[in-house]
Protein chains: 2
Amino acid sequence: MDDDYKRYIAAQARIFKALGHPSRLLMVDVLRRGEKCVCDLQALVGDDISTVSKHLSVLRDAGVVSSEKRGTSMYYRLTLGCLDNFLACTGALIEQRVLSQVRMIKAK
Amino acid sequence: MDDDYKRYIAAQARIFKALGHPSRLLMVDVLRRGEKCVCDLQALVGDDISTVSKHLSVLRDAGVVSSEKRGTSMYYRLTLGCLDNFLACTGALIEQRVLSQVRMIKAK
DNA sequence: CCATTTTGTGGCTATTTTGCCAAAAAGTCA
DNA sequence: TGACTTTTTGGCAAAATAGCCACAAAATGG
């Protein structure tokens, strides 16, 4: 029971971990607006395409995205929902922290 | 502009990264129900207390939690909102993946 | 069939993260 | 003050991650 709970949390942590890299979150953010091929995502993040491919496999293994081959290209789409709302919250947290840093600087 | 966007995404990725460790997500999950002292959280995850302390500093640096000393103990509380909703979504994703694995096993 | 395009893998090094122990801070209580 | 409690920090070794290059796989077009 408690062991199941820990396993469940570990599975969720894996999803957060997959999202916890700038290039991967950038790709996921763009995928919110619709599917993209690897080449598009490679142009977006600017890394070597093999690096992008490995990042995408991390996201796929975590279940965050799914892929489908059509013609010569592989298309990735988002499978994780609730991101709009949550990213708004993390964004608010970031805004808030920036503001508090500004206040700290002013208080000097 | 595009550079600011990348910085913003990187700041958000830092939050996901902080949540992307089983022990840290476990503590955060419990903190949803109210503040806890370090000793409580240490008992929860079972690691050395110095390890727990470092995990907490990662969460604090990312802005996910805040801390306050009262008496002899340090109390941590959650500062990031929207977690209930998002964890429900990641949970649904995990359920769905488990089910699809069961189907794959049965299909053999 | 062969050349080309697109994506994934293997292998490697550099960097980062993790988690423990020991010790330092910072309070608290007698 | 001095012993004790709670938490943090420094330092270290093991493990994991990131990102590049070279090459393999798979599909397409001529």
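## Contacts with DNA strand D

A backbone N or O atom of B:Met74 sits 3.2 Å from a phosphate oxygen of DNA strand D. The model is a predicted one. Two or more residues each are given to the surface near DNA strand D by α4 of chain A and by α3 (38–45), α4 (49–61) and β3 (73–78) of chain B.

There are 21 residues around DNA strand D, and those that come nearest are A:Lys17, A:His55, B:Ser53, B:Lys54 and B:Tyr76. Sorted by class, the surface near DNA strand D holds six nonpolar, nine polar and six charged residues. On the DNA side, sugar or phosphate accounts for 67% of the atoms of DNA strand D within 4 Å of the protein, and bases account for the rest.

## Contacts with DNA strand C

DNA strand C is surrounded by 21 residues, of which A:Lys54, B:Lys17, B:Ser50, B:Thr51 and B:His55 are the closest. B:Ser50 makes an approach to a base: one of its polar side-chain atoms lies 2.9 Å from a base nitrogen of DNA strand C. A backbone N or O atom of A:Cys39 is 3.1 Å from a phosphate oxygen of DNA strand C, and a polar backbone atom of B:Asp48 is 3.1 Å from a phosphate oxygen of DNA strand C. The elements giving two or more residues to the surface near DNA strand C are α3, α4 and β3 (73–78) of chain A, along with α4 of chain B.

By class, six nonpolar, nine polar and six charged residues make up the surface near DNA strand C. Of the atoms of DNA strand C within 4 Å of the protein, 66% are sugar or phosphate atoms and the remainder belong to bases.

## The interface between chains A and B

In chain A, 42 residues are in contact with 42 residues of chain B. The area buried between the two chains is about 3,500 Å², with carbon and sulfur atoms giving 73% of this. On the chain A side, A:Phe16, A:Phe86 and A:Leu93 lose the most area to chain B, together 18% of what that side buries.

No salt bridges are counted between chain A and chain B, while eight residue pairs are in polar contact, with both residues at pLDDT 80 or more. Elements of chain A that give two or more residues to the side touching chain B are α1 (2–19), α2 (22–31), α3 (38–45), α4 (49–61) and α5 (83–107). The largest share of that side, 13 residues, comes from α1(A). By class, the residues of chain A that touch chain B comprise 25 nonpolar, nine polar and eight charged.

## The sheet of chain A

In chain A, three strands form an open sheet with antiparallel pairing, in the order β1-β3-β2. Each of β1 (36–37) and β2 (65–70) of chain A has a single partner strand and stands at an edge, so one side of each lacks a neighbour in the sheet. The antiparallel pairing of β2(A) with β3(A) runs over six bridges. A:Arg70 is placed opposite A:Ser73 of β3(A).

Key: Residues numbered from 1 in each chain as written. Chains lettered and ligands numbered in written order. Predicted model: local features only at pLDDT ≥ 70, side-chain atom pairs only at ≥ 80, totals over all residues. Heavy atoms only, no water. Contact = heavy atoms within 4.5 Å. Buried area = accessible area lost by both parts, 1.4 Å probe. Salt bridge = Lys/Arg side-chain N within 4 Å of Asp/Glu carboxyl O. Polar contact = N/O pair within 3.5 Å; in protein donor to acceptor, adjacent residues only side chain to side chain. Helix = DSSP H or I, 4+ residues; strand = E, 2+ residues; numbered from the N terminus. Nonpolar A, V, L, I, M, F, W, Y, C, P; charged D, E, K, R; others polar. Near = heavy atom within 4 Å. Pairing = 2+ DSSP bridges.
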